[in-house]
Amino acid sequence: MKHLILAAGIMSATSAVAADAPVLTVYTYDSFVSDWGPGPQVKAAFEAVCACELNLVGVEDGAALLSRVRLEGKNTDADIVLGLDTNLTAAANETGLFAPHSVTADYALPIEWTDTTFVPFDWGYFSFIANAGADVPANFAELAASDTSIVIQDPRTSTPGLGLLLWVKAAYGDEAPAIWADLSDNIVTVTKGWSEAYGLFLEGEADMVLSYTTSPAYHLIAEDDASKVAVSFDEGHYAQIEVAAKLASTDQSELADQFLAFMVSDAFQNIIPTTNWMYPAVTPANGLPDGFETLITPKSTLLLDAAMAGEMRDKALTEWLGALSR
Amino acid sequence: MAWRTKPLSPYPGIGAAVLVAAFILGTLVAVGWQADGSKGFAASDWVALRFTLKQATLSALISVFLAIPVARALARRRFWGRRVLIALLGAPFILPVIVAIFGLLQVFGRSGWISDILGVFGLPPIRIYGLHGVVLAHVFFNLPLATRLILQGWQEIPAERFRLAAQLGLSGRVMFRQIEWPMLQRVAPGVLAVIFAICLTSFAVALTLGGGPWATTVELAIYQAFTYDFDLGRAALLSAIQLGLTVTAAVIALKLSNQAGFGAGMDKPVQRWDSVSPIRDFFWIFLATGFLLLPLSSVVFSGLVGLFELPSLVFCAAGVSIMVAGASTCILLVLALPMAAAIGAGTKGLVEIAGILGLAASPLVLGTGLFILVRPYVNPSDLALLVTALVNAIMALPFALRILAPAARDVIVSHGRLAQSLNMSGRVFFVRIMLARMRPQIGFAAGLAAALSMGDLGVISLFADAQTATLPLQIYRLMGAYKMDAAAGAALLLLCLSMGAFWLLDRGGRRHAEV
């Protein structure tokens with residue numbers, strides 16, 4: 001019983017809220033709120049200017065985040081949802097739970113940004129990561145023909161996994177199932193999430209892993225290790241643009257607008273590169289951190305627009321399952 | 001005073017069982033209720049169901065078949081370090097899934113130890129990914145549990161039986177048939193059902209070691225229904241199927257299991273006179289030790305580097321985890337002890353089935369259902385730790401019952417009549433006799449619950465806000481932030497804490513008992 005009382009004590013301590021300041025609740029994915037993610041710095045920076053409390057709530061990943069908001073519906077406590085990507089925004093728009101924004105910014109995105117509901121906060125290119133000096137393929141067809149082994153994430157459970165699915169679809173269209181069938185003997189295994197796959201690669205279970213072109217920046221900047229490289233594919237690379245939006249049901253509408261505007265300002269954007277290890281949506285005045293200039297720049301950008309991605313998703317998944325379920 | 005046929009009332013236990021069943025079914029209904037329109041059972045779900053049944057059946061059978069000779073060897077032999085070995089053999093069971101996967105792959109993976117050794121002789125690396133990999137991992141997780149439960153069965157055979165057998169000059173084979181086989185008939189079906197149920201809800205292990213989407217389990221389909229499709233109706237339907245399968249397995253196990261006990265003994269230490277050849281016993285002990293401890297030692301090795309650079313936040317999370325484990329253990333005992341007493345007093349079927357439901361309940365459905373139920377009244381993140389402790393307790397309940405119920409039955413058989421002739425009240429019998437007699441089993445069950453709760457990611461990821469993180473959640477967060485070394489260090493810390501909690505409680509219960 002003593003444990004329960006202790007536990008209850010801790011719980012009420014963590015949920016203590018300053019009585020006077022308004023609270024802005026932001027639902028985001030778990031790695032954003034983690035102590036090693038952007039969360040703590042973003043919270044401090046926004047609270048310094050907003051005279052409010054920023055309450056970050058972590059929900060597993062982008063897909064789980066959208067499910068949570070759908071589950072809560074119009075009664076949601078969230079004022080902002082941060083961390084969906086353009087592969088999910090079509091489904092998110094259909095819920096009718098989100099409100100339009102009025103943010104404008106000089107975006108450094110690989111595409112023109114016209115969405116009136118969602119505001120981008122960072123972006124990156126999906127890419128395979130290999131050890132420097134390894135013999136790497138130049139595209140999916142070469143990869144399929146080689147005996148290079150890869151670890152990928154399951155599109156049903158992971159955002160990068162879904163990104164890869166749409167990457168192959170965007171590059172090959174109706175040929176995609178054939179590419180997957182040829183890739184099946186290169187795939188060592190399929191994991192639930194990014195962490196497992198990346199961990200397996202670092203343990204030496206595969207020659208390459210699906211991640212981002214920005215991944216080598218982590219090893220270079222945080223670990224002073226130049227041994228990991230992103231592999232450039234000549235079909236072009238699929239982009240992931242991460243976005244946030246205000247909920248229509250918010251009772252902190254002005255504060256939410258203030259947050260979205262803050263999100264594309266330098267104070268927020270400066271935090272992103274070395275905590276989320278992605279490109280900032282708006283390049284800050286002092287530029288990107290040292291080390292980012294070493295990253296590969298894909299020859300071309302592949303990105304299905306939100307409506308197209310939403311439409312393609314199920315078809316591409318069925319093809320993927322068909323090609324890989326021996 | 002009315003004549004009672006049993007020394008204590010089964011009603012508190014029945015009450016606890018109804019509560020547990022209501023909790024599990026209530027969350028399921030809450031999820032189903034929320035659904036609007038569902039595409040229902042898809043063709044791909046049949047494939048998932050078939051694969052799930054296949055791997056769970058294989059995993060359960062192989063775990064139990066291997067556990068029998070290992071438990072027999074451990075029951076027959078006394079050697080230096082035996083206690084430590086038995087405690088260590090339990091470790092895989094309480095490891096967080098992701099840590100165990102990495103441990104296994106460091107031994108059996110493409111660049112694991114075995115492949116490295118093969119490479120020295122110019123042989124190709126072994127390929128672990130496939131159905132055999134899934135089964136290997138599940139056996140790794142569950143062999144320790146099966147061994148401990150079956151070993152306990154051996155220890156509950158009164159010493160007098162073996163003494164009598166020795167006096168009658170029974171050969172090893174006859175002794176096996178007369179004493180040990182009936183015990184196995186009583187214990188093994190339940191163990192099979194429990195492991196089958198655990199493997200039914202496997203998800204990340206099956207997917208990662210299965211090597212591709214063909215290794216899709218029902219639990220993955222539930223996850224997909226939730227997050228990818230947001231089809232709550234389908235999630236609830238699949239979860240109901242999982243529950244149905246587990247109940248079926250439990251009912252079959254109950255029917256198969258021979259319920260007759262061994263009766264009372266004088267609690268003397270077991271001495272064996274039939275130990276002819278130690279070679280076979282030590283072969284099994286050696287094999288199990290190697291299989292279970294090699295991956296564990298790889299977890300230790302890879303954690304050592306990171307252990308000394310752990311951020312202080314990890315230690316805060318460790319504190320939170322210890323508290324959750326403590327709370328979870330208390331909740332478990334409050335539920336499990338009356339239920340075990342009720343089973344012991346003869347109210348078997350429903351109480352046992354309610355007890356096993358916890359294993360089959362999808363944590364995702366349980367957590368989401370709870371979330372839906374509490375949200376109108378409180379902020380779910382305020383309850384994150386309490387809910388995690390509660391769900392962990394429900395998940396540990398089936399194991400606890402397997403451990404406690406046979407002992408409770410034996411206490412009632414051996415002391416019930418005396419207590420009744422003394423007109424002892426049910427409460428006094430429960431507190432003074434039953435709890436005192438069952439201390440070793442209570443210690444074991446509490447230790448297992450604490451360790452399981454410590455290592456389980458559980459539902460915290462559904463409820464947590466930025467400030468409340470348990471150690472397993474911090475491990476995932478470290479990995480998500482590329483900090484694999486620190487994550488390995490934190491995993492080692494978690495392993496030590498889990499083992500420590502288990503050792504402390506298990507040991508506490510056995511202070512006066514022979515292991």
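The confidence of the predictor in each residue is expressed as pLDDT, on a scale from 0 to 100. The structure is a predicted model, in which local features need pLDDT of at least 70 and side-chain atom pairs count only at pLDDT 80 or more, while totals for chains, interfaces and linings use all residues. Residues are numbered from 1 along each chain as its sequence is written, and chains are lettered from A and ligands numbered from 1 in the order in which they are written.

Chain A has a mean pLDDT of 91, with 94% of its residues at 70 or more. Over residues 1-18 of chain A, however, the pLDDT is below 50. Beyond near neighbours in sequence, this stretch has 26 contacts in the model, a contact being two residues whose C-beta atoms, placed from the backbone, lie within 7 Å. Where pLDDT is low, the predicted coordinates should not be read in detail.

Between the chains, 47 residues of chain A are in contact with 49 residues of chain B. Helices (H or I, at least four residues) and strands (E, at least two) are DSSP runs, numbered from the N terminus. Elements giving two or more residues to the chain A side include helix 1 (2-14), strand 2 (53-58) and helix 13 (306-324). Helix 1 of chain A gives the most, with seven residues.

Helix 13 of chain A has a kink of about 40°, centred on A:Met312; the bend at a residue is the angle between axes fitted to the seven residues ending there and the seven starting there.
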